[in-house]
Amino acid sequence: MFLKLESRGEANRNMVYLTPVLAVVLTLITGFFLFLAMGHDPFEALYTFFIYPISNSYGISELLVKATPIILCAIGLSMGFRANVWNIGAEGQLTLGAIFGGTVALMFYEQEGWYIIPLMMVAGVVGGALWGAIPAFLKTRFNANEILVSLMLTYVAFQLLSYLVHGPLRDPDGYNFPESRLFSDSAIVPILWEGTRFHVGGLFALLAVVAGWLMISRHLIGFQIRVIGMAPMAASYAGFSEKKLIWFTLLLSGGLAGLAGMFEVSGPVGQLVPSISPGYGFTAIIVAFLGRLHPVGIMMAGLLVALTYLGGESGQITLGLPEAVTGVFQGMLLFYLLASDVLIKYRVVPNFGTAKS
């Protein structure tokens, strides 16, 4: 007797929104046994990982700092995912946004003015959108796979950043360290919470959540995205242009990722360095699906996944846990979410088919 998957028909709507909670619970249970196997008190380890990092106001502010770029990237990605446009290169687009925004900051290094931050923001969006335009062009012109193109461009972006901080943008007074000058005060984004690193980028992340919700639920473009994602043939008969939406979603997701990169270099980092983020662009993919591609869900999922970064740092310092624990928890979260999605759509039944000779 073998097992097979049998379609359930229409998925239960309540379960669609309950499964992210189930995925989180299963991740915590698995984490309990994982810490036990590693020789740590699982209760102490889970407390250190998930509670201690946000046990004071500074920890909460750091949670918001880390959630900001993740949410910005995930909101843009979710629009494309809804339309079956699979941008996997948000990390590269974030890097290009950081490069463009950082270059503007260095161009105005000896100047002061309110206009520098807005110019950096525009440059960051343009940089990320230009990097997103490459897979958009190749997809619409040559039917290239946007998953592979956007992903491979991420590593090109890493190499470009490395070249710049080792060469043209390297600090002339930095003793040959691969980093740019520290940005001037006019190129550092304003702090919203005194005594912390939480900056104005958090407001833009919240604005992206609101704008994303309005667009997907109230705007014609959002309607077109939903229709193309669910019924491409119906969208074609209705006259919706798939190519235009491919361009729109890739430019939008690239632009938001670029803005996230600009906020990283002009906020927590304060200069261009060889590595801008610990993988926020890739993590945003998990966040988009954990939030069910809904802006409000993405905001909540972004805060949860940002906590895994803080927990990983706390675990390394307090318990001597390896850095890879953060990735393990994020991977388990995605695995359980995908497994739950399969069981929403299919049921496992015995297969009594006759074996072939």
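Is Asp 173 buried, partly exposed or exposed? Select Asp 173 to begin: this residue is exposed, with a relative accessible area of 58%, where exposed means over 50% relative accessible area, buried means under 20%, and partly exposed lies in between, using a 1.4 Å probe and protein chains only.

Before going further, note that this is a predicted model, in which local features need pLDDT of at least 70, side-chain atom pairs count only at pLDDT 80 or more, and totals for chains, interfaces and linings use all residues. Residues are numbered from 1 along each chain as its sequence is written, and side-chain values use heavy atoms, with hydrogens and water left out.

**The whole protein**

Zoom out and colour by secondary structure to find 13 helices and 2 strands; helices (H or I, at least four residues) and strands (E, at least two) are DSSP runs, numbered from the N terminus. Along the principal axes, the C-alpha atoms fill a box of roughly 75 × 60 × 45 Å. Of the 357 residues, 49% count as buried.

**The salt bridges**

Side chains of opposite charge can pair when their charged atoms come close. A salt bridge is counted here when a side-chain nitrogen of Lys or Arg lies within 4 Å of a carboxyl oxygen of Asp or Glu, and by this rule the protein has 5 salt bridges.

Arg 181 is partly exposed, with a relative accessible area of 27%.

Next, select Arg 197 and Glu 62, whose side chains meet in a salt bridge of 2.6 Å, N to O. Arg 197 lies in the loop between α6 (146–166) and α7 (201–218), while Glu 62 lies in helix α3, so the pair ties together parts that are 135 residues apart in sequence. Arg 197 is partly exposed at 32% relative accessible area, whereas Glu 62, at 9%, counts as buried.

Now select Arg 292 and Asp 341, which form a salt bridge with their closest N and O atoms 2.5 Å apart. Arg 292 lies in the loop between α11 (280–290) and α12 (295–318) and Asp 341 in helix α13, so this pair ties together parts that are 49 residues apart in sequence. Both Arg 292 and Asp 341 are buried.

**The nonpolar cores**

Turn to the interior and look for nonpolar cores, which are sets of buried Ala, Val, Leu, Ile, Met, Phe, Trp, Tyr and Cys residues joined through side-chain atoms within 4.5 Å. The largest has 79 residues, and among those with the most contacts inside it are Phe 35, Leu 72, Met 120 and Phe 183. Helix α3 (residues 57–82) gives the largest share of this core, 10 residues. A second, separate core of 14 residues includes Met 79, Ile 225, Ile 228 and Ala 235.

**The nonpolar patch**

Finally, show the surface and select Leu 3, Leu 5, Val 342, Leu 343, Tyr 346 and Val 348, which make a nonpolar surface patch of about 540 Å². At least two residues of this patch come from each of β1 (2–7), α13 (324–345) and β2 (346–351). End on Val 348, which lies in strand β2 and, at 47% relative accessibility, counts as partly exposed.

Key. Patch = residues over 30% accessible without salt bridge, like charges linked within 9 Å, V, L, I, M, F, W, Y side chains within 5 Å. Areas by Shrake-Rupley, 256 points an atom, 1.4 Å probe, with all protein chains shown as cover.
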